[in-house]
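Let's take a walk through a protein together, step by step. Have a look at the sequence and the 3D view, and then read on.

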Amino acid sequence: MSSSLDETREKGVHMIFEALKEDPAANEKQETQLLQKAVKIESEIFSEENEINHEYKSKIRSKVLNLKDPNNPDLRKSVILGDLSAKEFSELSGEDLASDERKKENEEMRKEGLKNTIGIDAMIPNSQPKMDLIDDGI
């Protein structure tokens, strides 16, 4: 492995480790276990990509941000307790990682976007297209 590859991967491990350490239940005795989990998570992410590229870096950042999310302590706890294995965690999408609150917000945004795309007339049953109204002299 090249030096820059090692440094990038080590930085990924460090970022994941720091995110896991933010859990209020974490203590100094657990740091070795948390570091081992961080190494396994980074290793799984790297094995998916097989190289340091934009996708690898993006996945690391996404995982770290979701682990640090104060509105999503259950995710961090699931990783720490082993309810989610390193492999399972590494394979989760950003949507899957989101807190229940964030998932609800995302669904509302999708619905609003759909409304805006379809247009309000298409959502009202039995409504006449605007052109018909113009042709009728209205």
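Over which ring does the charged end of K63 sit? The charged end of K63 sits over the ring of F89, 5.7 Å from the ring's centre. The rule for this asks that NZ of Lys or CZ of Arg be within 6 Å of the ring centre and within 35 degrees of the ring normal.

Before going further, a word on what you are looking at. This is a predicted model, in which local features need pLDDT of at least 70 and side-chain atom pairs count only at pLDDT 80 or more, while totals for chains, interfaces and linings use all residues. Residues are numbered from 1 along each chain as its sequence is written, and side-chain values use heavy atoms, leaving out hydrogens and water. The score pLDDT is the predictor's confidence in each residue, from 0 to 100. Its mean for the protein is 84, and 81% of the residues reach 70 or more. Confidence is highest in helix 5 (residues 86–91), with a mean of 96, and lowest in helix 9 (residues 130–135), with a mean of 53.

Now for the overall layout. The protein has nine helices and zero strands; both are DSSP runs numbered from the N terminus, with helices being H or I of at least four residues and strands E of at least two. Of the 138 residues, 27% are buried, where buried means under 20% relative accessible area, exposed over 50%, and partly exposed in between, using a 1.4 Å probe and protein chains only. Contact here means heavy atoms within 4.5 Å. Among contacts with a separation of 6 or more, 57% join residues 24 or more positions apart.

Next, find the aromatic rings. A search of the whole structure turns up one aromatic pair. F46 and Y56 form this pair, edge-to-face, at 6.1 Å centre to centre and with 85° between the planes. Rings of Phe, Tyr and Trp (its six-membered ring) pair if their centres lie within 6.5 Å; planes under 30 degrees apart count as stacked, over 60 as edge-to-face and the rest as tilted. F46 belongs to helix 2 (residues 31–49) and Y56 to helix 3 (residues 54–68), so the pair ties together parts that are 10 residues apart in sequence. F46 is buried, at 16% relative accessible area, and Y56 is buried too, at 2%. R9 also lies over the face of F46, 3.9 Å from the ring centre.

From helix 3, move on to helix 4. Two packed helices are described by the angle and the distance between their axes. The axes of helix 3 and helix 4 (residues 73–81) come within 7 Å and cross at roughly 110°. These two helices are therefore roughly perpendicular, a label for angles of 65 to 115 degrees, with under 35 roughly parallel, over 145 roughly antiparallel and the rest oblique. Axes are lines fitted to C-alpha atoms, for helices over the stretch in contact, and angles run from 0 to 180 degrees between N-to-C directions. N66, L67 and K68 of helix 3 meet L75, R76 and V79 of helix 4.

The loops deserve a look as well. N72, in the loop between helix 3 and helix 4, is buried at 7% relative accessibility. Further along, L84 lies in the loop between helix 4 and helix 5.
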